[in-house]
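Me: I've got a model open and would like to talk through a few spots in it. Can you take my questions one at a time?

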Amino acid sequence: MDALLTPLTNIVAAELAVRSGQVEAVADLLAGGATVPFIARYRKEATGSLDEVQIATVRDRLARLEELGKRRESILSSLRERELLTGELEAAVLGAATMAELEDHYLRFRPKRRTRAAAARERGLEPLAALLLAAAAAGDAHFDPSAAASAYVDPDKDVPGVDEALAGARDIIAEAASEDADVRKRMRALYVREAALRSRVAKGKEEAGAKFRDYFDWEESAERAPSHRVLALLRGEAEGFLRVGVEVPEERAAAIVDGRFVRGSGAAADEVRAALRDSLKRLLSPSMESEMRAELKARADEEAIRIFASNLAELLLAPPLGGRTVLAIDPGFRTGCKVTVLDPQGKLLHNETVQPHQSKGARAQAGETIRTLAAQFGVEAVAVGNGTAGRETETFVRELDLGRDALVVMVNESGASIYSASEVAREELPDHDLTVRGSVSIGRRLQDPLAELVKIDPKSIGVGQYQHDVDQAALRRSLDDVVASAVNRVGVEVNTASRSLLSHVSGLGPQLAANIVAYRDQEGPFRSRVQLKKVPRLGPKAFEQAAGFLRIRGGADPLDASAVHPESYGVVKAMAADLGVKVGDLLRDAELRARVELSRYATEKVGLPTLRDIMAELEKPGRDPRQAFEVFRFAEGVESLDDLEEGMRLPGIVTNVTAFGAFVDIGVHQDGLVHVSQLADRFVRDPADVVAVQQRVMVTVLGVDLQRRRISLSMRQ
């Protein structure tokens, strides 16, 4: 453990209410190249069983503290080089707990562009400013500013008179007040307590900015403004329709600066107060407003990213249909429906276009084509995209009577068009056009949502909130964590997985994933996890990180199909040997497993947490943590907005969860909104406490706005 890192781990441990040793263990493992999923799953003894969220939080908090430390050292180095560092200033810099506080202490020493105050100093007016500040602070009512200023009149220095001398001194005082660390600290607290977030419509933009009408004359507490509203206001401002500001009561702000620099009354106090008002208007308030806006944006981003990540996790972990032959349909009215047939592994077997929504003859021909394909390939399920003509196509397919065992399932096709035009799609289906690739993606999403969705940029999947407005680097980090967590939680069959899916396995990445696929294509299916070591550039560290998350079913070692890490195979073999049986017997026989005394196998490296995980895995080796697939059907006869009536009770699927409610697909080509106030018969603070993406719900239609294509729904009883 780096000595410089130790204080940081203590800080993080206190913030997260865990032991410093746990944080140090995470820091050491991360520094050694371990991934978050690997640490959470296979290093519980070291971390005290911290979960993925806690480990990621430790990682991110340490990174921010290290960034703060680097900035602190940079500031100290700059001050030393310019011989400006005093003992008091060094103590203040070292004691700063936040980046804002650190920058406050450095502000007046930071090299800056030429300012009015700098020009006044060059004209020799700094002593006059000091005299005015001293007199105002002492409450000297007899001090004569004009008389004092007359000594600084010098036309050669561009100070032709007393008024110009006093104006320059006020500029110096204004800048000094705006850079005073104590003033900034108090002003920052005032903005947090009392700032109002206000928006007004931009002049002449009333009609063009109609979608922001709710915010044409808006005001609320900045501190309590919800994330979605902050982002909506900032988007309206960015698009030129709104004027947004963050303001505090002027008298409260004035009291803070006056209290710092002025005592009593008199001519000197009047001069200083005038400088302080200028400082507030020109320097301090704009600086604090910018800082508060940045803080509001960062907080809104964090909440939006949290919601997006939660929604994405639910979507990625949606129940898979599994290995069945699927007929997939990408619906369309004018261009027809693109039909593809996929084998149980998602391989394209056939494709063609049918026209069920044209003439009666074309509809009959389309029906005959689909029935023939279903019989020819032994189709077990039909996946119908939920885009344009989706409900109409679903109804058409159900009328074909493909057999009692053939499932017909509507599939969310968000992002399928993005996939079909991607490099990944071109590599997978080089001989087919966009329409075929889109249909294939719909079918594969039914077979295994996770394996297909990892090929698409998460921002294109449609489960976010203002995802294009938030900090893109922070969003990418969060979503990468979610994808990695989902992939490694489920596990990956190394002999059938795509390069895209393998690239998200702990310790791999795009290049090693490509190397695994190339090796598999050349040498045939992997027979054991150990064989992975023969893959070019897959070294010991990558093997350690990845092996436990890769599955080889039907291989030489039955443990290769489980989540038991190869480093623990010896423990399992010892258990079997002590019982006088084979490892396979231990996997099959619950009575044998019940006879295992875990404490006999506990060591400093392999403790009871890992041993319990091993036994759970032996009970259900390679189990899929996702729920079992269930068929969902929308209400028959309700296929468009025109079919909706107030009071209707309808089944739906949650497609997106936001800070203000949930969007639900009820099968009419337009999701309806269940406002947070309509989610339950009780107060709901966070919609995610009640609903999740892909959840099946029953909703009541409250209202339909045909002109704006808006549907209001309720889940209240």
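Predicted model: local features only at pLDDT ≥ 70, side-chain atom pairs only at ≥ 80, totals over all residues.

Me: Is Arg391 buried or exposed, and what is its relative accessible area?

Reply: Arg391 belongs to helix α17 (residues 390–398); helices here are DSSP runs of H or I with at least four residues, strands are E runs of at least two, and both are numbered from the N terminus. Buried means under 20% relative accessible area, exposed over 50%, and partly exposed in between, using a 1.4 Å probe and protein chains only. Arg391 falls under the buried cut-off, so call it buried, at 3%.

Me: Which backbone oxygen does the Arg391 side chain reach?

Reply: Start with its contacts, meaning heavy atoms within 4.5 Å. Leaving aside neighbours within four places in sequence, Arg391 touches residues including Phe634, Glu639 and His669. At 2.6 Å, the side chain reaches the backbone oxygen of Val638.

Me: How far apart are the end C-alpha atoms of helix α13?

Reply: The expected span of a helix is 1.5 Å times one less than its number of residues. Helix α13 (residues 227–238) has 12 residues, so it should span 16 Å, and the distance between its end C-alpha atoms agrees: 16 Å.

Me: Which residue follows α13, with a positive phi?

Reply: Within α13, the buried residues include His228, Leu231 and Leu233. Their cover includes β1 (196–201), β2 (217–221), β3 (242–247) and α15 (267–316). After the helix, with phi near 85°, comes Gly240.

Me: What kind of aromatic pair do Tyr215 and Trp218 make?

Reply: Rings of Phe, Tyr and Trp (its six-membered ring) pair if their centres lie within 6.5 Å; planes under 30 degrees apart count as stacked, over 60 as edge-to-face and the rest as tilted. The structure holds 7 aromatic pairs. For Tyr215 and Trp218 the centres are 5.6 Å apart and the planes sit at 80°, so the pair is edge-to-face.

Me: And what is the angle between the planes of Phe632 and Phe634?

Reply: Phe632 is buried at 10% relative accessible area, and Phe634 is buried at 6%. Their rings are 5.0 Å centre to centre and edge-to-face, with the planes at 90°.

Key
Residues numbered from 1 in each chain as written. Heavy atoms only, no water. Polar contact = N/O pair within 3.5 Å; in protein donor to acceptor, adjacent residues only side chain to side chain.
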